[in-house]
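Hi,

Here is the structure I promised to pass on. Have a look first, and my notes on the charged side chains follow below.

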Amino acid sequence: LSGCGSDPGFNEDTDFVVDEGSAQFVNLMADSPNLTILHGLTRSSVQFPFTSPVELRAADDYDWKIIYFNTVEEFDSDNEIIVAEGEDQVVQKDALSSFLIMGSLNEPNIQIVNHEGKLPSDRPDGEAMLWFASNSSNFDMVSIFLSALNEDLSSLTPLATLNRGTFSDLIAVASGTERQLRITETASGKLIFDSGSIEIPDKSNELFAIVDDFGPNQEEHVNVIRTLSASRSIIPDINQPAFARAGNFSDFEQVSVVLGDTGFGEINFQDVSDYREIMSGEINLDINDNEASLEESSQTGVKGNFQSLFVFSDKSDLDKPATRSLSTLDDFRPVIDRALFKFVNGSDQTLDLYAVEPGDDIKDQNPLLNDFGFGGSGTTEVLARPADLIVANEDSSETLTLLSLDFIAGKSYTVIYDSSGNLILQLGQ
């Protein structure tokens, strides 16, 4: 049938086209657990000290709420803790809305910053746009310097100076490799952060967010979140040393541990040394028992971090006594309503690890770690409550051992499964 009347038809260039902006959430709040952000109908999560990926949004007004849950059920509104909330936040066309989650859980300070987006083709060559925010609780005011690598700091003018809980405007800087970000306490001029050599990508637009540090000499340093980095990363501070401790979880009654040029002395069975400063980068590890060599390998010292070295028996050749070792980074951040937990498997078995209500079994439960071989897990937050940690075999058909714990908020826990099948608890520092 031929059409009658006026029918303009469908225009794919104009019909149903939605203007878009974007949103990103940056957690600068050092005492917060993993936070959930409800932004319109979208849910995002971000843990300190990290940033979420940039997410597209229709250009519109949004109600938002920042929350966390004190239950394993993340949709249980009865156990929803509201950190902050607001209405009618405007996401503009071709603009990025950055939520800076600052302050503390008791006194949140949420800053929403909008920056208009520009296509890289519309930006000048050799230039990048940077901005900065600070939520350091140890320093009221900081000064920020960006320069060529190893340029004399005393000859530089600050790029920005920030009070705690504030942010800067966008600042045009030279892009390129071998750039260096340094931060000082404004009042004293003391250096509290040094990035070493970094790259500022050409025509980029990014935030550097200054937050509390929980590594060695933490009262004298800060960490920096970089929003163009991977969503769970910070810039290492080369101005801080690396610290390590060593623990003997082998079958040997006593072992001697030397890491680089740092000796930890004789360590008794299931004992752990104090933290000591170590070299950074790849360093030699030597372990001995009564002058007999048990292990010659290498480990990595990470500047600005605490780490633990765990020594286990190597049972691959029963005719030759030996050890094998692994190291993990340690996190001692005091988190409200959460404990920090890490698991270390020193055996040659592949394991499943469960955290369940006291007295429960693992049937119909999801493992905390699945098919986990020799190594150490990253640090994770767990609810501050009693729990049974159950270690099972690879397919969870057999329970190998159980440890009952009462996780206390703000504390750090490491649970070690050694090469003989013992489950050992190590607390804090």
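Is aspartate 140 buried or exposed? At 52% relative accessibility, aspartate 140 counts as exposed, because the cut-off for that class is over 50%. Its salt-bridge partner is arginine 164, with the closest N and O atoms 2.5 Å apart. This pair ties together distant parts of the chain: the two residues are 24 apart, with arginine 164 in the loop between β11 and β12 and aspartate 140 in the loop between β9 and β10. Arginine 164 is partly exposed, at 37%.

Keep in mind that this is a predicted model. Mean pLDDT for the protein is 91, and 93% of the residues reach at least 70. Confidence is highest in strand β11, at 98, and lowest in strand β19, at a mean of 83.

The salt bridge count is eleven. Here are some others:

- Lysine 315 meets aspartate 251 at 3.3 Å, N to O. These two sit 64 residues apart, in the β26-β27 loop and the β20-β21 loop. Lysine 315 is partly exposed at 35%, and so is aspartate 251, at 40%.
- Arg245, Asp330 and Lys342 are joined into one network through shared partners.
- Glutamate 55 pairs with arginine 57 at 2.8 Å. Glutamate 55 is buried, with 18% relative accessible area, and arginine 57 is buried too, at 5%.

There is also a negative surface patch, made of Asp60, Asp61, Asp63, Glu85, Glu87 and Asp88. Strands β5 and β6 each give two or more residues to the patch. One of its members, aspartate 61, lies in β5 and is partly exposed at 44%.

Cheers

Technical notes:
Residues are numbered from 1 along each chain as its sequence is written. This is a predicted model: local features need pLDDT of at least 70, side-chain atom pairs count only at pLDDT 80 or more; totals for chains, interfaces and linings use all residues. Side-chain values use heavy atoms; hydrogens and water are left out. Patches are made of residues with over 30% relative accessible area and no salt bridge: like charges are joined within 9 Å, nonpolar side chains (Val, Leu, Ile, Met, Phe, Trp, Tyr) within 5 Å. Accessible areas come from the Shrake-Rupley method with a 1.4 Å probe; for residues, only the protein chains shown count as cover. A salt bridge is a side-chain nitrogen of Lys or Arg within 4 Å of a carboxyl oxygen of Asp or Glu. Lys and Arg count as positive and Asp and Glu as negative; His and the chain ends are not counted. The place of a charge is taken as NZ of Lys, CZ of Arg, CG of Asp or CD of Glu. Helices (H or I, at least four residues) and strands (E, at least two) are DSSP runs, numbered from the N terminus. Buried means under 20% relative accessible area, exposed over 50%, partly exposed in between (1.4 Å probe, protein chains only). pLDDT is the predictor's confidence in each residue, from 0 to 100.
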